[in-house]
Each structure stands twice: as structure tokens, then as C-alpha cells.
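Visitor: Hi, I'm new to this one. Could you walk me through it?

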Amino acid sequence: MTDNKYDRQLRLWGAAGQAALGNTCVVLVRATAAGTETLKNLVLPGVGNFLVIDDSSGVSDCTSNFFLDSSTHKSRAQMATEYLMELNPDVTGDWKDISGGLVAEKFDLLQLFPDKKKVLVIAADCEPPLRQAIAQTCWDQNVPMIAVHSYGLVGVVQIQTAPLLLLDPKMRDSVPDLRLTCPFPALQQAFEENYADDAVWAGLSSQEFGQVPYPFILLFVQKKWKESHAGGLPTSFAEKQEFQAEIKKMARNYDNELNFQQAVENAYLAYTPPKTVDIDYLLSDCNSERDLVLLRALQSFLQQHGGVPPVVGKIPDMAASTAEYVNLQELYQQQAKKDFDYVRANCTGDTSVTNDEITLLCQNAVHLDWLQTGPLPTFMGYHPTEDVVDDLGASEQDEERPEQTALWWYLGFAACQMFWEREQRYPGVNDDFEKDVPRLLECWEYMKTAYGLSLEDTRICKEMARFGNAEVHNIASVVGGVASQEAVKLITGQYIPIKNTYVFNGIASMGGVYHF
Amino acid sequence: MSETGMVKRPLESDDMIIDSLDQQQRISLNTLLSRPSEFGNETGPLACGEFDPSISLQLKKVLVVGAGGLGCEILKDLALSSIPLNVHVIDLDTIDVTNLNRQFLFRQKDVGKSKAETAAAFIQQRCPWIQVTPHVGKIQEKNLDFYRQFDVVISGLDNIEARRWLNATIVGLVDTDDDGDIDPSTIIPIVDGGTEGFSGQARLILPKITSCFECTIDSFPPPRAFPLCTIAETPRRPEHCIAYAYILQFPREFPDTVLDKDSPEHLQWIYQQAAKRAEHYGITGVTYMMTMGVVKNIIPAVASTNAIIAAACVNEAIKYLTFFSQNMNSYMMYMGAQSIHSHTFAYEPSEDCPVCSASVRKMTVPASITLNQFIQAHLKDSSLRMSSPSLVSPSQTLYMAKPAALELATRPNLDKLLSTLIQPGEEITVTDPTLHGIHVGLAITFEN
């Protein structure tokens, strides 16, 4: 019962999320500031273990990297590993110093870890061939990967993963699942036995009257409405206003009856049907055995229940007596259990599907979606899909100050990567940085055309050349935070990861998520 | 005012350029300071100064308020910004084991020690080129001269009242001459960050130019307490049972003991009482973890969000101190739970902000209102959210909350009708500890 050092984060991802973290090995390629910051934010919350892979390096850049010092007798990989391990005694770290430099051809990620399932790779500030080699290996072996770059005042985080069924998006549901348009039998029965007649309501004491939970108020007003509207529900705005007025009329002392006020506030629940599940979309392109089992079981449920998803079982707090509330909650919980049992009975095939997964499936049925990041974008020679081009065309852009739009800075970053592919170095690394601008502009034009975009502005390329791939710690720390946050989502299978790129423009302090 | 003079530059990694591809060192921010830009600070939406790549930087003084989740990150980011800085950090708190998942300058062995001192010592050791001076104590204990010495204040506080005090103090330092013109040399920017779970915000406050913290307190509504009748008579959720145990039961059973929210014994007692109550009412879900959460009002916290927000704050501070790029105008919101949504916008100053606008507030009140009723309804429970205000008019002192002797002397006024205490057309001046150094002017008219 003593205070757990992970208490503050357990409140976000629970024991299951923490266990997933503890079972994961994070492999960092390149101990740059962006890389070590990402790793720091994974070591602190208790990732199982990590491996740092880096070049031997004569001079360390300790003035922008917290996990290096100015000593020269240790490799950068070793130095970073030792400083990172200090952060959390629960975590073990290892390192590999690749003498001769990290180049794509010499690099074999697979050698390094036998159990690929529980690995996540972070590629920090890797130039195009190395980045691509890592991405290809990870894609082929089904290992999730995050590429993180800090480039002057621009930061980029990109994720690549096999298609993921997002079972636990942790949406803060503003619409409670009360089923008032299609009450399940037990709810209907409770209503009919206790609250379906005028006489019953009239017989309640004023205290009892003010403590009837609002779902029953709504079912009653709904019943009356149907009786005088040939079984129909309010559809027009005027009808909905009228429906709410009926609730107020029913109250004895509306200003002091919180339950009736809540009934008015939530009146839409009495005439808005629950969200549906697009099960066909979810099943299309599904290749994973586990996901097929879950989705097919959900499909059976929907077919058997007129397209209505499993009951969530949780209800919000509402004005009511203790007994009324507890009994009402019990009705929903029992129905949720029945629905869970049905779905579980229909999970045939992969016996490794867990009860927790089935519970998540049932409770999040209306929010289920796939994350399809696609493979990590490349630069020179890249041909984005039509979907990507359409999405980008519709992206929000600042009219007054276009240079604030993060999208343009990704383009500048992409132009610099393409420059590297042509010249084997980044633009602006030498003192005469302006000389690189014309060739960088060519790369900019190429990337712009590939993505179907248009912006006539040479300033961005000039600024990218000025940056000269500078390592600015603050930007490295921002993307290190974002990359580690995304890593936690991928590892725990909770919340919703980005699809697939976050760009941070540190000039305007503006970010954006884009699908490249 | 900042000190002048050069400070020895830290090891300049691009002083030694190695030719081979995989060993070429990357440029640092220091080099960018000497390269001209099309996006110098003067070109931005909030222009604070003009970028001149040819001048060398003088030493700047920075105050970091708070050495916790944001504070540790802010100190690291400042140390690795490769510009000459003299940093001070202030925090009253000691290290708790639940800090260790993100406050990375602290280790298990440091539990119980001062946050400010431990953080300062760690940074000095890892980054010997920077000076960090710790202050252990409340921000309210420092005088105006202390705050005046800084070029920028970066705040990683975890509560609204302290932010309001800091904001009022720093904004209060701005001198305006008789013509209403601001003396720019008295403007000290506050960069303020806050986080909660996967969300956070970073904002740049230029006193009297952008919105200040007080302009936006409506966006931080006071925490909603459960209604007392729910807690006492109709509990429904496990949280209600916990609230009953610590708000009602504990004071009743231990009338001479002050509840210590950090005491495991007190928390255990509350948890067990809550569990008993829940069982009696057929309510499930009371856990020790939930008990801690309700009693201490715990906000979930992780390293990643703190890293993002702190770095965005220090980024703005460095841009302000060097003008090497634009400052944001002026507020960035960040939400990272479902994908990532970040939004940067200019939060407009509030026209009748008691701290940063000079306007006199006009109020209309019933003729029958007493001074005490006025204080409760219009100063404390209103949008002004004052804690214990004092009021004076040009002709008399209406009520002084402190010192004790003056409070006693002015207490009889509380029950008098306000209309008998003010002359027609008199402006009342109100002060409050939350809004340190600020004088709020009121012009009151009485109905009928």
C-alpha cells in the first residue's frame, strides 16, 4: 500500500499498460539529443530494457545532449547508456558501438534481438539510406518503428507500424450509452414495473420524486410522446423543443429538481439512436488472426441484435437516491455482462484472445478504428498515394502567415533529406551556407510537385540552409517528448497514435499531424 | 536589470570539424546566432526586438519557478541552450517517491530533500558551464527587488493561486508614466507552462502587451466539489464515499488533528472508512489508489508531456533573449491523447482585467447591501476570485484584512451598509493577497 513511484502514470495506462512497458525492449539507433531525450522519457516510466547503437565518436556534443559528457575515452553509445540507466534502477540498458560508422550496408538490425515481438525501434536523426534500411527491416519483420529528427528549429516524428486495431482509444465519451431508444429487456421491465404510469408518479413523495434517475423520466415522457404521435419520436427542432417542455411540465418544482434538469439536458438520449459500427469497413483488409476473431465475434453480435452494439455498462453519475442509482447501474452492468458472454462465446479460432481484449472490444465498439500508417515516407523518388495527396491538399494552412504552417516546414525538411541523397551531406553545414540554397530549391520544387502542393516562397529553403542540420536541444526535447508519447501508445495499445507524422515548427511554435 | 559582461563559452563542438561523413559534428544553436535569418524576431507576430547576428551575447538572468515536473526539464533545457545564463530556481517542496517517474534530476536517495537544491546541484554537476542558484521557500517570501533582477521568468507551477500571485507581481513591475506610456525596460516576460496527463499549454506573457494570466482565469474554473447532500445522504459513486470519510468523518473523529494528506496512516484510515461506507450502500470501486486521488486531488503526470511543454517554453525564452527567431503570439495548447492536436493562437487581453488593464470596474449593487455581503458576493465569489480583500476609499479605510489590529478596528464596518461608507462618486481601491501589488479600482452605483 505504500506509494508507488509509477503512481502518476498508472492513472493513465493502468497495470496492464505498465506490464506492457516492462516487457518491451527499445532499440535506439544514434544517441543524438533527440534520440536520448526519447529514450529518457521511456526509461523514466519503466520500459523493460533498452539498447543504444551508435558510431564511435571522437568529440561528443555534450553541450546539446544531457546524456553525454566531454570525456573522450568512452564511445557515445556507452556514455549515453550509462547516463540513461541512472534514471531508473528498474531498467537495464546495453550498447553497441559500431566502429567504422553507421552505414546502411553494414547494418543488420535483426542480429541484435531474437524476440522481435516486444521490440520498438527509434531511429534518431538518421540520414536517408540508414533510415530507409531500418524502416525496411522493421516493416518486413513487423517491428514498430519511430523516426525522430531535430533539424534546426524544425522537429519531425514519424511512426511506422503494421496495421493496428485500436481497441482502447480511451475516448472521453460525452454521450452516455443509456439505450433509451432501444431499451434492453431488463431496462424495459424495470421501467414498466416502476415508472410507466401516471399513478405511480403521483404517488411518490416529494423526496422520492426528486430522486428518480433521469433515464426513467425520459422513458416516461417518451412513452407519452409515442402514444400521441403514432409511435414516432421527435425529429424536427420544434418537436425536440416540445419534448423538453413536456419534461419541465412533468416536474413539480423544476428549479429544485436536479433530476428533471438533467433529463432536459440529456433529452436527446430519448430520441437519438446509438451510434452504429461499420463492421464491414473494420473487417476489410484485416490480416491479423487475433483481430479477425474479435471482429467476427462482434459481427455476429451485431447481426443477432439488429445492428446495435454491446452495452457499455458504465453510466454517469446523476441525481438519484443511492438505492435507485445502484439498482439502475446494476441493470446496465448485467446487460453488459450478457453481451460480453455472447461475444466471447463467438470468439472461435485463436484461443489467445483474452477476456480483457473482448471487454475492450465490447466497450469501445462504436469507436473502433484501424491505424494504417503505411511504410515510412522516403524522399527522392517518392510517389505518395492519391489519398495522401488529397489529404494534404485539404490541410489547414495559415492564410496570413503561410510560413507558420507546419506542413511547409516538413517540405523543407524533406528537401534537405533529398539534398543529402544527391550530395551526401546536408545543406548549410559549411560556413558559406547560402551557396547551397539554389540546389536546395530544386529539391523543394521536386518534393512540392510530388505532393501536389504549391507555395511560392523561397524563405523556407533559405532558413533550412541556415539551420545546417543544427542540433538545438529545445527542439530535440520537444520531439523527444512527442516520440516517447507515441511509443507509449504503441507499446501499451492505448490511446490513439498519430497517422503518421507530427511536425513541429519551432519558429511559430506550431505543430501539425499529416499523413505522408 | 541584467548583468553585463561575457561568460566563457562552453565547449564549442563545431570548433573541431571532422571530415569523414559519419563523424562530422552537427552545428549548435551558437552558430545559428551568427547566421542571418529571414525569420528574425522582428519579423514575427509578436516582435520583441531586432535580430543582429553580429553582436555577441551578454549574460542573461533567468528565474525558474518550480523545480518539479516542468522545472527539472526547464533547467536542463536552459543549460543545454548554449547561451550564457545565470539561472535561479525557487521551490518550497521536498522530493516524494511519486515524483521519480518524471522529475529526472532526483533519485531514490534524494526523497525528502529540497527540490530546488537537489535540482540545482545536479545541473551544476552535469553542466559545469552554467550557474544555478537554488532558493528554498515560497515565491511570496521574495521581494520586488528579487524579481526585478531577471530578464525572463519561466514558470512551471502546479497551482493557480501561485500563478496568479506571480503574474500580478511581475505585471505590477511595469512602470507607466503619467502619459500612460509603458517603460519597456520594466517589462519582464513570463513564460508559463502547465501539464495534465497527455495535455498541456505553453504561453508567453509580455506584461501589458499580451494577455496576462489573470485575463484567462475563467478558463481554469475552480475545482467542482461534490454537493454536501450527496456526500452525506445519497452517495452513489465510490468517490462520494471517500469524500465523506475525509471531509465529514475525519474531523468528527479526530477534532484536534489536522488532516495530513501525505500521511499514509491518515490515508489508510480514510480508505478503510470509505470502503465500509461503500459496502453499506452497495457501492463498488473504492480503492486505496482512488482514495489518494480524491483526497490529494492527484493529476496524472508523465515525463513525455512535461518534456514537450517545458521545451516549448524554454524555446520561447531563448528566442526572446537572443531574437534569433520569432516569438509565438502567444498561447499554445497541446493535446496528445487521441492523435495530436496543437493549436497556437493570440489570447486577447481581457478589457477589464484587474491586473493588466488600468480600467476602473463599474459595479451596480443593491442599496441594502452591507460591506460584508458586498465582499462575499462581488469580490470573493465573483469572477474576481479574491481570497481576503482589503478596501479603502479616498476618505477612509473601509476594511483591512491584515494586520490583526487594523482588522479588529475595521471589523465593525462589515455590518454597515456600503452606501453609508462611500461618498457619491468616490472610487474604492481594493487589494488582495492573490493579486500581489495590484490596486483594483471600483466605481459603485446603488440601485434605487
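**A first look at chain B**

Guide: In chain B, 63% of the contacts (heavy atoms within 4.5 Å) with a separation of 6 or more are between residues 24 or more positions apart. This is a predicted model: local features need pLDDT of at least 70, side-chain atom pairs count only at pLDDT 80 or more, and totals for chains, interfaces and linings use all residues. Residues are numbered from 1 along each chain as its sequence is written, chains are lettered from A and ligands numbered from 1 in the order in which they are written, and side-chain values use heavy atoms, with hydrogens and water left out.

Visitor: OK, how many helices and strands are there in chain B?

Guide: Chain B has 13 helices and 13 strands. Those are DSSP runs, numbered from the N terminus: H or I with at least four residues for helices, E with at least two for strands.

Visitor: And what box do the C-alpha atoms of chain B fill?

Guide: Roughly 80 × 65 × 40 Å, taken along the principal axes. Of its 448 residues, 55% count as buried. Buried means under 20% relative accessible area, exposed means over 50%, and partly exposed is in between (1.4 Å probe, protein chains only).

Visitor: How much area do chain B and chain A bury between them?

Guide: About 8,000 Å², with 57% of it on carbon and sulfur atoms. Buried area here is the accessible area (1.4 Å probe) that two parts lose on being put together, summed over both. Chain B brings 89 residues to the contact and chain A brings 99.

Visitor: How many salt bridges are there between chain B and chain A?

Guide: Eight. A salt bridge is a side-chain nitrogen of Lys or Arg within 4 Å of a carboxyl oxygen of Asp or Glu. One pairs Glu86(A) with Arg126(B), where the closest N and O atoms are 3.5 Å apart. Which part of chain B gives the most to the side that touches chain A? That's α10(B), with eleven residues.

Visitor: Nice. Where does the pair of Asp125(A) and Arg26(B) sit?

Guide: Those two form a salt bridge, with the closest N and O atoms 3.2 Å apart. The pair crosses between chains, from the loop between β4 and α4 of chain A to the segment before α1 of chain B.

Visitor: Is Asp125(A) buried or exposed?

Guide: Asp125(A) is buried, and Arg26(B) is too. There's also a network of salt bridges that links Glu37(A), Lys40(A), Glu73(B), Lys76(B) and Asp77(B).

Visitor: Switching topic: what about α4 in chain A?

Guide: Helix α4(A) covers residues 128–141, which is 14 residues, and reaches 20 Å from its first C-alpha to its last. That is close to the 20 Å expected at 1.5 Å a residue, where the expected span is 1.5 Å times one less than the number of residues.

Visitor: Which residues of α4(A) are buried?

Guide: Pro128(A), Leu130(A), Arg131(A), Ile134(A), Ala135(A) and Cys138(A). Seen down the axis of α4(A), they fall within an arc of 165°, so they line one face of the helix. The arc is that of the directions from the helix axis to the C-beta atoms. They pack against β1, β4, β5, β6 and α16 of chain A.

Visitor: And what follows α4(A)?

Guide: Asn142(A), whose phi is positive, near 65°.

Visitor: Last one: where do Arg344(A) and Asp341(A) lie?

Guide: Both are in helix α13 of chain A, three residues apart, about one turn of the helix. Arg344(A) is partly exposed at 38% relative accessible area, and Asp341(A) is partly exposed at 28%.
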